[in-house]
Amino acid sequence: MPPAAPGENMRINGDRLWDSLMDMAKIGPGVAGGNNRQTLTDDDARGRALFQAWCEDAGCTMGLDQMGNMFARREGTDPDALPVYVGSHLDTQPTGGKYDGVLGVLGGLEIIRSLNDLGVKTKHPIVVTNFTNEEGTRFAPAMLSSGVFAGIHEQDWAYARTDAKGLSFGDELERIGWKGAEEVGARKMHAFFELHIEQGPILEAEGKDIGVVTHGQGLWWLQITLTGKDSHTGSTPMNMRKNAGLGMARILERVHEIAMEAQPDAVGAAGHIDVYPNSRNVIPGKVVFTVDFRSPDQAKLDGMKARLEEEGPKIAEDLGLGFEIETAGHFDPVTFDEGCVKAVRDAAERLGYSHRDIVSGAGHDACWINRVAPTAMVMCPCVDGLSHNEAEEITKDWAKAGADVLLHAVVETAVVEA
């Protein structure tokens, strides 16, 4: 017989969750109402200390591994049962919002607090996790520590990542005092759930309370270098130019067309662009830019890459330009665990929240943890789909709905004890 579902009257304390979000946001404030609490900074250390104090007040014990990943454990009734993990990250972008990642960590803490209030015991322990350096802004790549946990990255390689000042991840982790002794990835999970803001506009536009995340998009980052010839914009005849900027424009038009022809859910654009010599009256002789292709469908993802690799050189050749392409980043699409996804969907249904299946367009720690444990995600809307921006905003009701669904999915999976 499957375990009984929690009663629909089991809810989190929305005011307490909101107050916790606002209190955490006081640490590492941004300049425009958001946060700048980048990983392994002094503000990150202060945020971690506050989170640990809250967890210990809720009766949890705190574990810490060699990548600085934090694990707050609420015991279950069966000492041999594998824990159900829940969490996200506390680090932010340099101009980040108050909710990206933080909602998932503090939503997990609110589950513990609410279960304590209700006197509910679970068979499986519940562990609330803060993964180090999800954002990847200060130390690339993103999802670094969950990647080490899942065996994607080598720990020594992660320690050697450096920031813009040449400071290493390993040294900074030690400096702020949050390097633990526990072996990374030694923990075994019964399941993992992550609550996150959508970081896109779909849920708000459709008036849905909850996104039931079924897949995560795979990604190809393809760095292209076009080489032409610097020359004067005023005195070089149009038919004698080797304009690397024009080549980039034509290739990016093809990127857009390739992504549009791979619908639904495929996307493509360039975010990082360097133009040389970047002078008003000089035709660009060199351009370096990175194309970002994403899709939850492996065949579509690889097909978009193959088309660009085939068509890009032809565009460059027609303009007399040199063409080079190299992979700057990649991960395959993610299909989240059917049982965990069902637990999220059933929870939203049981609680009366409007919901839809959704694909995560961004990478999350859950995407790596999915490789080592059954995993699913819950999403709530964010205003105008805006994220990685200090103006990022959600409502208290959205946060509560997401945490209510998280509570039910986690508790159902952890099994309520009579």
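Modeller: Leaving out residues up to four places away in sequence, Arg113 touches Arg16, Ser20, Trp54 and Ala58 (contact: heavy atoms within 4.5 Å). The model is predicted, so local features need pLDDT of at least 70 and side-chain atom pairs 80 or more, while totals for chains, interfaces and linings use all residues. Residues are numbered from 1 along each chain as its sequence is written, and side-chain values use heavy atoms, without hydrogens or water.

Arg113 sits in helix 3, residues 102-118 (helices are DSSP runs of H or I, at least four residues, numbered from the N terminus). Its relative accessibility is 13%, so Arg113 counts as buried (under 20% relative accessible area, 1.4 Å probe, protein chains only). The side chains of Arg113 and Ser20 make a polar contact at 2.9 Å (N or O atoms within 3.5 Å, one able to donate a hydrogen and the other to accept it; sequence neighbours count only if both atoms are side-chain atoms). In sequence, Ala403 is 290 residues from Arg113, yet their C-alpha atoms are 12 Å apart.

Helix 1 (residues 14-25) packs against helix 2 (residues 42-57) at about 150 degrees, axes 10 Å apart (axes are fitted to C-alpha atoms over the stretch in contact; angles run from 0 to 180 degrees between N-to-C directions). The two are therefore roughly antiparallel (over 145 degrees). Helix 1 contributes Ser20, Asp23 and Met24; helix 2 contributes Gly47, Leu50, Phe51 and Trp54.

Methods: Parallel < 35°, antiparallel > 145°, perpendicular 65-115°, else oblique. Buried < 20%, exposed > 50% of the residue type's maximum accessible area, 1.4 Å probe, protein only.
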